[in-house]
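Please keep the sequence and the model open while reading.

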Amino acid sequence: MYKIKFVPQMPVTIDVTIPDVALSVSGNTVTLSCDGVDPLAMGGPVSRYHVKNLTGTLTGETLQFSLLFGDYPTRFSGTKAAQ
């Protein structure tokens, strides 16, 4: 995830990678899942925000997922912008 803020008051944006996300394909839907990894940000692993219960789907142009970053429930839903 590029240039994200966890709250509007966050003074900077950061890039976050979640390693070891498993993907499975059924028809035109890709299912994402991951449980129990440290996200990578600012040059290394960030164990304070250990990722738990990541689940999501990618269908056509729409991506949605939810997870826990440490104790913080986080959700994303978006559609690819037209070019």
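Does Q9 count as buried or exposed, and at what relative accessibility? Q9 has a relative accessibility of 66% and therefore counts as exposed, where exposed means over 50% relative accessible area, buried under 20% and partly exposed in between, with a 1.4 Å probe and protein chains only. Q9 belongs to the segment before β1, and its C-alpha atom is separated by 21 Å from that of P39, which is 30 residues apart from Q9 along the chain.

The model is predicted, so that local features need pLDDT of at least 70 and side-chain atom pairs count only at pLDDT 80 or more, while totals for chains, interfaces and linings use all residues. Residues are numbered from 1 along each chain as its sequence is written, and side-chain values use heavy atoms, with hydrogens and water left out.

## The chain as a whole

The protein chain has 0 helices and 8 strands, these elements being DSSP runs numbered from the N terminus (helices H or I with at least four residues, strands E with at least two). The C-alpha trace spans about 40 × 30 × 20 Å along its principal axes, and 25% of the 83 residues in the chain are buried.

## The five-stranded sheet

An open sheet is formed by 5 strands in the order β2-β3-β6-β7-β8, with antiparallel pairing; two strands pair if DSSP finds at least two bridges between them. Its edge strands are β2 (22-26) and β8, each of which pairs on one side only. Neighbouring strands of this sheet are turned by 10° against each other on average, direction ignored, as judged from axes fitted as lines to C-alpha atoms (for helices over the stretch in contact), with angles that run from 0 to 180 degrees between N-to-C directions.

Within this sheet, β6 (residues 51-59) is joined to β7 by 7 bridges in an antiparallel arrangement, and T55 stands opposite S66 in β7. On to β8, β7 is joined by 8 bridges, again antiparallel, with L67 opposite T74 in β8. β7 and β8 form a hairpin with 2 residues between them, and G70 in the turn has a positive phi of about 65°.

## The three-stranded sheet

Another open sheet, of 3 strands, has the order β1-β4-β5 and antiparallel pairing. β1 and β5 (44-45) are at its edges with a single partner strand each, so one side of each is left without a neighbour in the sheet. Strand β4 (residues 40-41) pairs with β5 in the antiparallel sense over 2 bridges, and L40 stands opposite P45 in β5.

## Aromatic rings

A search of the whole structure finds 2 aromatic pairs, for which rings of Phe, Tyr and Trp (its six-membered ring) must have their centres within 6.5 Å, planes under 30 degrees apart counting as stacked, over 60 as edge-to-face and the rest as tilted. The rings of Y49 and Y72 have centres 6.1 Å apart and planes at 45°, so this pair is tilted. The pair links distant parts of the chain, with Y49 in the loop between β5 and β6 and Y72 in strand β8, 23 residues apart. Y49 counts as partly exposed because its relative accessibility is 27%, and Y72, at 49%, counts as partly exposed.

## Pockets

The largest pocket holds about 440 Å³ of space. A pocket here is an open set of points on a 1 Å grid over the protein atoms alone, where a 1.4 Å probe fits and protein lies on both sides within 12 Å along at least five of seven lines, and lining residues have an atom within 4 Å of a point; the volume is the space filled by probe spheres set on the points, which are joined across faces, edges and corners. Its lining has 20 residues, of which I4, K5, F6, F69 and T74 lie nearest the centre. β7 (62-69) and β8 (72-79) each supply at least two residues of this lining, and β8 gives the most, with 5 residues. The lining divides into 17 nonpolar, 1 polar and 2 charged residues, with Ala, Val, Leu, Ile, Met, Phe, Trp, Tyr, Cys and Pro counted as nonpolar, Asp, Glu, Lys and Arg as charged, and the others, Gly among them, as polar.

The second largest pocket holds about 330 Å³ of space, and its lining includes M1, Y2, I4, V16, L54 and F76. β1 (16-17) and β7 are the elements that give two or more residues to this lining, which by class has 11 nonpolar, 1 polar and no charged residues.
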